[in-house]
Amino acid sequence: MNIVRSFGGILVAIGMLVFTASMFLVSFNLSEAKFNSFADIKGFQSDSFSNLMKERVVGNDYSTVFSFSSAVSECLEEANGVHKQAEEWDKVIWDSSKEMAFSLEKISAKGPLADNKDLFLFFSLILGIIGGLMHVIAGIQLDGPAGIKNHHVYHQKSTNRGWIAYVVFAWLIAFYVFLYFYPNLIVGWVMLVDPIHGLYAAGGASQWFLYGLLYCVVMLVMGLRMIIKYRHNKYQIVRTISVVFFQVVFAFLLVEILPLFNLPGVDLKNAWPLDYDFLYDWNVKNLLQTESYGKFGVFVLVWGIVLALVLVPIFVYIFGKRWYCSWVCGCGGLAETLGDPYRQHSSKSLFSWKIERWLIHSVLIFAIIMTTLVGLHTYSELNVAPGEDPQSVFLGISAFDVRQMYGFLIGSIFSGIVGTGFYPIFGNRMWCRFGCPLAAYMGFIQRFKSRFRITTNGSQCISCGNCSTYCEQGIDVRWYAQRGQNIVRSSCVGCGVCSAVCPRGVLKLENGPEEGRIQNNPIVIGNGEITFNSDL
Amino acid sequence: MNEIRHVVIIGNGISGVTAARHIRKRSDYRITIISAETDYFFSRTALMYVYMGHMKFEHIQPYENCFWKKNRIDLLRDRVESVDYSSKTLKLKDKGDFSYDALILAVGSTPNKFGWPGQDLKGVQGLYSFQDLEKLEENTHAPLTPLDKRMVKRAVIVGGGLIGVELAEMLLTRNIEITFLVREDRFWGNVLPKQEGDLIARHMRKHHVDLRFSTELKEIVADENGRCKSVITSTGEEIECEVVGLTAGVSPNISFLKDSVLETQRGVMVDKLLRTNQEDVFAIGDCAQFHEAPFGRRPIEQVWYTGKMMGEVVAKTITGEETEYAPGHWFNSAKFFDIEYQTYGTVLANLQSGEREFYWEHKSGEICVHVIYEESTRKFLGINTFGIRMRHEVFDQWLREGRSIEHVIKHLKDANFDPELYSSKEGQIVAQFNAENGTQIIPKKRSWKRILNLASA
């Protein structure tokens, strides 16, 4: 079984290497016919772009994605420069040069990868899955009988900030930087999954299909690991199944399947303000004005509002915010599966807690301001009189600027690069703890008006610190447990791991009456008359 | 008591630290905690998790390092060599004389050694202090991952109690095979009834622990380098091993206090107010021995929880509110590999006269409930649970109210503390009780009103 586990690890490493290398294994030669048909479909008005492309790019060999991409960008920028100079606004191509390069790369790719996508898919993704499963399943026997087995978490380089952790850290950050900011450079990665996308749709995969697919695959494999690790704990099993289900079905399958029926590919579980582009003009217009959507478009809008403003608070009142954060949410789902080996890295210091409160509530305020401005703009856009421009500047602030800033800072950098990239070093809930505006919103309700609490069992705590160490949200659970006090904290996502790792049965997540939820128990049962009432 | 300006506490374990925290809450006295062991308070019961790699040492320190300064509790790393009670002065190894107005002895325990031949050889050790943990790392410098080369092949553990089982669990994570010598005929036989002892033995064997009951250590044999190479047992068998764990209980760590005016027996003798026979000197925690034990309790109780309680009580007395130590009903908990254990009230190793028992065991053989009650009055006396969590407050209340066994069985759902979604065991437990006792108890649904004693109840 040791061999199975090690071999599995090697397969994962090979899969990741092949995946990473595939970025460099494509060359390009754009034929005139392909370029013409592409230009026809796109309906470019710009003859100068076509001429420049035919003059400089079409028919030439490019050995790397970098050279091809920059050649396309140059043509586009030069052509647009000419049109802008001449104020030929209808001829300007507004697609970003990266999108343009990505699209052209997809139709012009050559080389070993382009000719053998199935083979490369097998040696990257499929091999990775097989290796991951071997590594995970070997644990059933290797890690001994069911029970908490955090053995060597702080001895291993992968989970104790050793070099393996730093390699994973760097890889994840690079992955997100490419995904969000340089899709034109990762066409090799995207092509790997073309065969899967091709099973149900034409036109090849996008980088977002790649991301969604990887997300689901990682959650399935690491979810299985979670279930095996906590196979004695029904709460963990059911919760893991739930969170993986919502990711795979709602965030991926439905998003892919709905468009096949001419319906919008929306993630119905994604609630505002986590779903920050909900009121963007293009989203609302798309939902309301696309004929084929029929009433479904309106339903999506109404559902989104009801979910965010009615269902979220009601469920948080009944169950705590865990119903979303660790049972439904995609970000939470990745944290609870891929991120589980890193949960011990969240800082428990008072200082971190202070940063957390400032940061997460600032993001919530930012999200509310951004949504208000964007919403006003969208309203104006929908109701603008013919011939007039919709209002996009309010109190001197441009809705476009704010939304772009939010998308860049919060949507990409915080939730993606920091949120996931930082897992191996800073813990698996960086985004959920410090950045997620939905978590902040639900946190208020959880703290002040909810039935949820973690009950501390009398005086059984031995201050061992397992609960605090393994709290992914950086809550110093022991601080409360050792003084016999229930844990009622806005940041708790109710993952239940504190309760699972407690060796003395001290902690229980439960929903009960609000009366007596926030309480001051006797510090030690037995010394019955002594109660604590101090900050010490 | 004379006027107090400076309280000195010897020992930074749970007892001493609890005393310091509560004195700080209640007064402005200067407080100094002296420890030779570590700079900061740590959870002794969690040392095992550091060895197993669940946590780093910093994680088992319950308070951030800034806590002590913020709360004006001075920490002094030094060793107390002797105490002059008349001049109220300590003699410290490094810093020399150090005076106090009130002194709290919270010096803890030390592992028992019973004069076995070879008990001081290299590779032979107990497990109590931070230094013991360091020594264990040294003695078992062995694989961290299964692929490494194995250096220590087998360890023999002597003494079937809580520390022994923890040591076994620790060493197994380094792929060291364990032979466990237990003097009694079952595991933790002076505390656990037979059923529970058997249950734990089964579970330990599932973890590949080689358990030898009714077997004692005769001798530890040295190799040419003065390191243990084997042990000889009372059955005459020689077992090869590179490490020997001595875990046959602990005794008060008071050798430096003996043979002075301070009255000691096994521990430092104290009255109900935790006062020793010397003025303004108190003793708490593992090292305290009561002249007259509280009702139903033993004169020395070396558990985390009693240390915490004594620390709280002594703080009240020192700050002017004389308070007797009244620990209430016994409770304790532990974990044997994967099986958690909790106990509330009194369950002795053997059924006493006038007592009756009810024992239920899950078909898995790893979950059980053992209830003891008084035969004549049917008063509930105590419960042991394995693999099932119970609510402390509820059992404490039932014990205080002197509830009957039937009441306990009927309201068992109120007491369940297992995580949500765990399958309920109460149905089976009540059915078996009914079958054995000819009763027709129907289990009551869990009631928050009863559990929380809500006013509206």
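The model is predicted, so local features need pLDDT of at least 70 and side-chain atom pairs count only at pLDDT 80 or more, while totals for chains, interfaces and linings use all residues. Residues are numbered from 1 along each chain as its sequence is written, and chains are lettered from A and ligands numbered from 1 in the order in which they are written. In the model, 50 residues of chain A are in contact with 52 residues of chain B; two residues are in contact if their C-beta atoms, placed from the backbone, lie within 7 Å. Helices (H or I, at least four residues) and strands (E, at least two) are DSSP runs, numbered from the N terminus.

**Interface between the chains**

- On the side of chain A that touches chain B, two or more residues come from each of helix 13 (234-257), helix 23 (466-469) and strand 6 (507-511) of chain A.
- That side of chain A has 17 nonpolar, 27 polar and six charged residues. Ala, Val, Leu, Ile, Met, Phe, Trp, Tyr, Cys and Pro count as nonpolar, Asp, Glu, Lys and Arg as charged, and the others, Gly among them, as polar.

**Domains of chain A**

- Chain A is assigned domain 1 (27-110), domain 2 (166-341), domain 3 (350-434) and domain 4 (451-536); domain bounds come from an automatic or database domain assignment.
- Between the C-alpha centres of domain 2 and domain 4 of chain A there are 33 Å.
- Contact between these two domains involves 16 residues of domain 2 of chain A and nine residues of domain 4 of chain A.
- Helix 13, helix 15 (295-319), helix 16 (322-325) and helix 17 of chain A are the elements that give two or more residues to the domain 2 side of this contact.
- The domain 2 side consists of seven nonpolar, five polar and four charged residues.

**Helix packing in chain A**

- Helix 12 (residues 207-229) and helix 17 (residues 330-337) of chain A have axes that come within 8 Å and cross at roughly 45 degrees. Axes are lines fitted to C-alpha atoms, for helices over the stretch in contact, and angles run from 0 to 180 degrees between N-to-C directions.
- Helix 12 and helix 17 of chain A are therefore oblique to each other; angles under 35 degrees count as roughly parallel, over 145 as roughly antiparallel, 65 to 115 as roughly perpendicular and the rest as oblique.
- The crossing of helix 12 and helix 17 of chain A is left-handed, a term used if the near helix is turned anticlockwise from the far one by less than a right angle, with right-handed used if clockwise.
- Helix 12 of chain A makes this contact through Tyr215(A), Met219(A), Met222(A), Gly223(A) and Met226(A), and helix 17 of chain A through Gly333(A), Leu334(A), Glu336(A) and Thr337(A).
- Five of the contact residues of helix 12 and helix 17 of chain A are nonpolar, three polar and one charged.
- Helix 1 (residues 2-21) and helix 7 (residues 117-137) of chain A have axes that come within 7 Å and cross at roughly 150 degrees. These two helices are therefore roughly antiparallel to each other.
- Helix 1 and helix 7 of chain A also cross in a left-handed sense, and their contact has 15 nonpolar residues, eight polar and one charged.

**Domains of chain B**

- Chain B is divided into domain 1 (6-110 + 251-318), domain 2 (124-248) and domain 3 (331-452).
- Domain 2 and domain 3 of chain B have C-alpha centres 32 Å apart, and 16 residues of domain 2 are in contact with 13 residues of domain 3.
- Helix 5 (162-172) and helix 6 (194-206) of chain B each supply at least two residues of the domain 2 side, and helix 6 of chain B gives the most, with seven residues.

**Sheets of chain B**

- Three strands of chain B form an open antiparallel sheet in the order 4-5-6; two strands pair if DSSP finds at least two bridges between them.
- The twist of this sheet averages 25 degrees from one strand to the next.
- Strand 4 and strand 5 (residues 89-92) of chain B run antiparallel and are joined by four bridges. Val83(B) has Leu90(B) of strand 5 as its bridge partner.
- Five strands of chain B form an open parallel sheet in the order 9-16-10-11-12.
- Strand 9 (124-125) and strand 12 (209-212) of chain B stand at the edges, each with a single partner strand, so one side of each is left without a neighbour in the sheet.
- Strand 11 (residues 177-181) and strand 12 of chain B run parallel, joined by four bridges; Thr179(B) has Asp210(B) of strand 12 as its bridge partner.
- Helix 5 of chain B lies across strand 10 (154-158), strand 11, strand 12 and strand 16 (243-246) of chain B, at about 165 degrees to strand 11.
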